[in-house]
Amino acid sequence: MFNALSQTQIIMRLGPIFLFVVVLELVRRRKLREDYSLGWLFTFGVLVSMGLFPQVILSSIAEFMGIIYEPTAMFVIGMGLMMIILLQFSVVITRLSRENKQAAQVIALLNTRIHELEERLDPQEEN
Amino acid sequence: MVDNPVNTPVEQARDVLASALYPAQRLLIVIPAYNEEESIGHVIERVRHAVPQADIVVIDDGSADDTAQVARSHQATVISQPYNLGIGANVQTGFIYASQRGYDVTIQVDGDGQHDPNEIPALLAALNTSTCDMVIGSRYIEDRGYSTPRLRRLGSILLAALISAITRQRITDPTSGFRALNRQAIAFSAGDYPFDYPEPEAIVTFWRAGLRVKEVPVKMNPRYGGRSSITPIRSAYYMIKVTLAILISLLRERQSKPDGTS
């Protein structure tokens with residue numbers, strides 16, 4: 001197995017490594033929070049190790065899953081991990097929208113209260 | 001405009017008795033409104049005429065038109081959302097307002113003029129003379145001339161059947177937003193109210209929390225102005241979303257009902 005790498009093998013090695021580095025760079029620039037980067041780092045870490053050591057990890061997993069073409073196993077596992085991340089995002093969005101709603105309600109109620117208090121201070125002033 | 005159908009002497013006596021029995025009751029009319037500048041002034045005036053003792057709060061859900069200004073010019077208190085929150089969150093803001101200020105009863109009257117303010121005393125009387133925590137004004141208990149498009153009527157019947165089966169009581173108009181809530185129901189809703197399309201789901205969450213619900217017949221009007229936001233695709237989405245929400249709410253742990261004395 002020490003002959004030249006096929007195109008597929010090159011993509012399997014370089015793709016996840018590139019994305020892993022992109023995630024680290026986004027965290028460094030504070031464009032991505034550390035806690036939200038963990039899922040991505042884990043996903044790409046798994047894919048990197050599969051791409052670098054296909055004989056050790058990938059072939060046994062592919063055999064376990066009954067998949068003949070090994071890169072397909074990598075594809076399936078990457079997709080599964082990504083679905084988990086997307087699901088987590090939906091949970092986060094749900095929490096954010098609830099908190100956002102509560103914040104908006106408080107703002108609306110406070111505005112009404114301020115309006116009332118202003119009118120009490122200066123009843124002549126219009127709106 | 002069609003006048004309120006004449007109440008029977010028994011109903012009139014009941015209404016008089018109820019208002020005499022609860023003179024000190026603090027009543028808040030909650031009017032959710034989204035782009036209703038054409039109808040909101042009319043609704044406020046009719047509400048004031050029907051229940052002069054009530055305070056009126058208009059909750060403007062980030063309208064693009066002059067809903068808030070028109071409501072203020074009619075001497076209603078206005079709560080303006082910073083952006084469009086959706087009907088559930090908008091109405092809930094009214095319940096939070098009512099619970100913060102210690103109102104005994106809220107009655108929700110939609111800003112589009114569909115709900116007839118002359119029916120408010122009937123809702124109030126039903127709330128005060130029963131052991132219920134929420135009274136819903138139903139278009140469909142008696143035929144009072146309200147016509148619904150056939151497909152929407154079918155959806156409404158399906159939801160009514162589902163909710164009736166779950167709560168083991170007859171619910172005929174689950175999508176009606178014309179509702180009176182007592183202190184316990186207000187306190188519960190201020191803490192937990194569905195996000196969008198809230199009316200049918202709220203019946204089930206109320207029932208799960210041990211709050212009692214009752215329907216009374218009311219007449220409803222066609223819209224005065226503005227446009228309904230309902231399209232066939234939204235209706236289908238509505239049915240699926242609400243059914244899912246109701247079924248999942250059954251899987252949640254039961255919440256205890258608040259004591260409403262806070």
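Predicted model: local features only at pLDDT ≥ 70, side-chain atom pairs only at ≥ 80, totals over all residues.
Local features were taken only where pLDDT is at least 70 and side-chain atom pairs only at pLDDT 80 or more, whereas totals for chains, interfaces and linings use all residues. Residues are numbered from 1 along each chain as its sequence is written, and chains are lettered from A and ligands numbered from 1 in the order in which they are written.

**View 1. Chain A has four helices and zero strands.** Helices (H or I, at least four residues) and strands (E, at least two) are DSSP runs numbered from the N terminus. The order of elements in chain A is α-α-α-α from the N terminus on. The C-alpha trace of chain A spans about 90 × 30 × 20 Å along its principal axes. The radius of gyration of chain A is 26 Å, while a compact globule of 127 residues would have one near 14 Å; this radius is taken over C-alpha atoms, and the globule rule is 2.2 Å times the number of residues to the power 0.38. Of the 127 residues in chain A, 13% are buried. A residue is buried if 20 or more other C-beta atoms lie within 10 Å of its own, exposed if 12 or fewer, and partly exposed in between, with C-beta atoms placed from the backbone. Two residues are in contact if their C-beta atoms, placed from the backbone, lie within 7 Å. Of the contacts in chain A between residues at least 6 apart in sequence, 56% join residues at least 24 apart.

**View 2. Helix α4 of chain A covers residues 70-121.** Its 52 residues reach 76 Å from the first C-alpha to the last, close to the 76 Å expected at 1.5 Å a residue. The expected span of a helix is 1.5 Å times one less than its number of residues. α4(A) is hardly covered, with four buried residues among its 52. The buried positions in α4(A) are A:Ala73, A:Met74, A:Gln105 and A:Ala108. Their cover includes α1 (7-28), α2 (34-52) and α3 (54-65) of chain A, together with β3 and α4 (87-100) of chain B.

**View 3. Chains A and B meet through nine residues of chain A and 13 residues of chain B.** On the chain A side, four of the touching residues are nonpolar, four are polar and one is charged. Ala, Val, Leu, Ile, Met, Phe, Trp, Tyr, Cys and Pro count as nonpolar, Asp, Glu, Lys and Arg as charged, and the others, Gly among them, as polar. Helix α4(B) is mostly covered, with 13 of its 14 residues buried. The end C-alpha atoms of α4(B) are 20 Å apart, which agrees with the 20 Å that its 14 residues should span at 1.5 Å a residue. B:Gly102, which follows α4(B), has a positive phi near 70°.

**View 4. The open sheet of chain B has seven strands in the order β3-β2-β1-β4-β6-β5-β7, with mixed pairing.** Two strands pair if DSSP finds at least two bridges between them. The edge strands, β3 (77-80) and β7 (213-217) of chain B, each pair on one side only. From one strand to the next the twist averages 20°. In chain B, β5 (residues 134-138) and β6 (residues 179-181) pair in the antiparallel sense over three bridges. B:Ile136 has B:Arg179 in β6(B) as its bridge partner. Helix α5 (residues 120-128) of chain B lies across β4 (105-108), β5, β6 and β7, and runs at about 140° to β4(B). Axes are lines fitted to C-alpha atoms, for helices over the stretch in contact, and angles run from 0 to 180 degrees between N-to-C directions.

**View 5. B:Arg183 lies in helix α7 (residues 183-191) of chain B, and B:Arg212 in the loop between α8 (198-208) and β7 of chain B.** B:Arg183 counts as buried because it has 21 C-beta neighbours inside 10 Å. B:Arg212 has 18 such neighbours inside 10 Å and so counts as partly exposed. B:Asp133 is 50 residues from B:Arg183 in sequence and 7.8 Å away in space, C-alpha to C-alpha. Leaving out residues up to four places away in sequence, B:Arg212 touches B:Thr131, B:Cys132 and B:Asp133.

**View 6. A:Arg30 lies in the loop between α1 and α2 of chain A, and B:Gln75 in the loop between α3 (67-73) and β3 of chain B.** A:Arg30 is a residue other than glycine with a positive phi, near 60°. A:Arg30 is exposed because 8 other C-beta atoms lie within 10 Å. B:Gln75 is not a glycine either, and its phi is positive at about 60°. With 10 C-beta neighbours inside 10 Å, B:Gln75 also counts as exposed.
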